[in-house]
Amino acid sequence: MPTYAYRCRECAGTFELLRPMSESGAPAPCPEGHEDTVKLLTTVALTGSAAGPAAVPTGGGGGCCGGGCCG
């Protein structure tokens, strides 16, 4: 289940809620009891390489030693 971040317009506090995607647009009262909140736009950090090991050159391709320029 995704986590959504919200900011309270009354107390300026921020908080997160773990809720289903189907409820992402539902109202989210602030932990202080205020009702005027807004969902924040958050980013997702991805790790690793999308290309995987196939992106690693395997000899014969450029560079000082792979391109034949070293004597």
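# Pairing, burial and contacts in the chain

Student: With which residue does Arg9 form a salt bridge?

Tutor: This is a predicted model, in which local features need pLDDT of at least 70 and side-chain atom pairs count only at pLDDT 80 or more, while totals for chains, interfaces and linings use all residues. Residues are numbered from 1 along each chain as its sequence is written, and side-chain values use heavy atoms, with hydrogens and water left out. A salt bridge requires a side-chain nitrogen of Lys or Arg within 4 Å of a carboxyl oxygen of Asp or Glu. The closest N and O atoms of the pair are 3.5 Å apart, and the partner of Arg9 is Asp36.

Student: How many residues apart are Arg9 and Asp36?

Tutor: Strands (E, at least two residues) and helices (H or I, at least four) are DSSP runs, numbered from the N terminus. Arg9 sits in the loop between strand 1 (3–8) and strand 2 (14–18), and Asp36 in the loop between strand 2 and strand 3 (37–39). The pair thus links distant parts of the chain, and the separation is 27 residues.

Student: Why does Asp36 count as partly exposed?

Tutor: Relative accessible area under 20% is called buried, over 50% exposed, and in between partly exposed (1.4 Å probe, protein chains only). Asp36 falls into the intermediate class because its relative accessibility is 34%.

Student: Which pattern does the protein chain follow along the sequence?

Tutor: The protein chain has 1 helix and 3 strands. Read along the sequence, their order is β-β-β-α.

Student: Over how many bridges do strand 1 and strand 3 pair?

Tutor: Two strands count as paired if DSSP finds at least two bridges between them. Strand 1 pairs with strand 2 in the antiparallel sense over 5 bridges; in strand 2, Leu17 is the bridge partner of Tyr4 and Glu16 that of Ala5. Arg7 has its bridge partner in strand 3, namely Val38. Strand 1 and strand 3 likewise pair in the antiparallel sense, and the number of their bridges is 3.

Student: Which residue in the turn of the hairpin formed by strand 1 and strand 2 has a positive phi?

Tutor: The hairpin has 5 residues between its strands. At 57% relative accessibility it counts as exposed, and its name is Ala12.

Student: How far from Cys8 is the nearest cysteine sulfur?

Tutor: A disulfide is a pair of cysteine sulfur atoms within 2.5 Å, and by this rule the count is 0. Cys8 is in no disulfide, and its nearest cysteine sulfur is that of Cys11, at a distance of 3.6 Å.

Student: Is Cys8 buried or exposed?

Tutor: Cys11, with a relative accessible area of 36%, is partly exposed. Cys8 has a relative accessibility of 0% and therefore counts as buried.

Student: Which residues does Ser24 touch, not counting residues up to four places away in sequence?

Tutor: Contact means heavy atoms within 4.5 Å. Ser24 lies in the loop between strand 2 and strand 3 and is buried, because its relative accessible area is 18%. Leaving aside neighbours within four places, Tyr6 lists among its contacts Phe15, Ser24, Ala28 and Val38. Ser24 itself touches Tyr4, Tyr6, Arg19 and Lys39.

Student: How far apart in space are Gly25 and Lys39, C-alpha to C-alpha?

Tutor: Gly25 is also found in the loop between strand 2 and strand 3, and it counts as exposed because its relative accessibility is 70%. Gly25 and Lys39 are 14 residues apart in sequence, and their C-alpha separation is 7.9 Å.

Student: What share of the accessible surface of the protein chain belongs to carbon and sulfur atoms?

Tutor: Of the 71 residues of the protein chain, 14% count as buried. Accessible areas come from the Shrake-Rupley method with a 1.4 Å probe; for residues, only the protein chains shown count as cover. The total is about 5500 Å², and the share of carbon and sulfur atoms is 57%.
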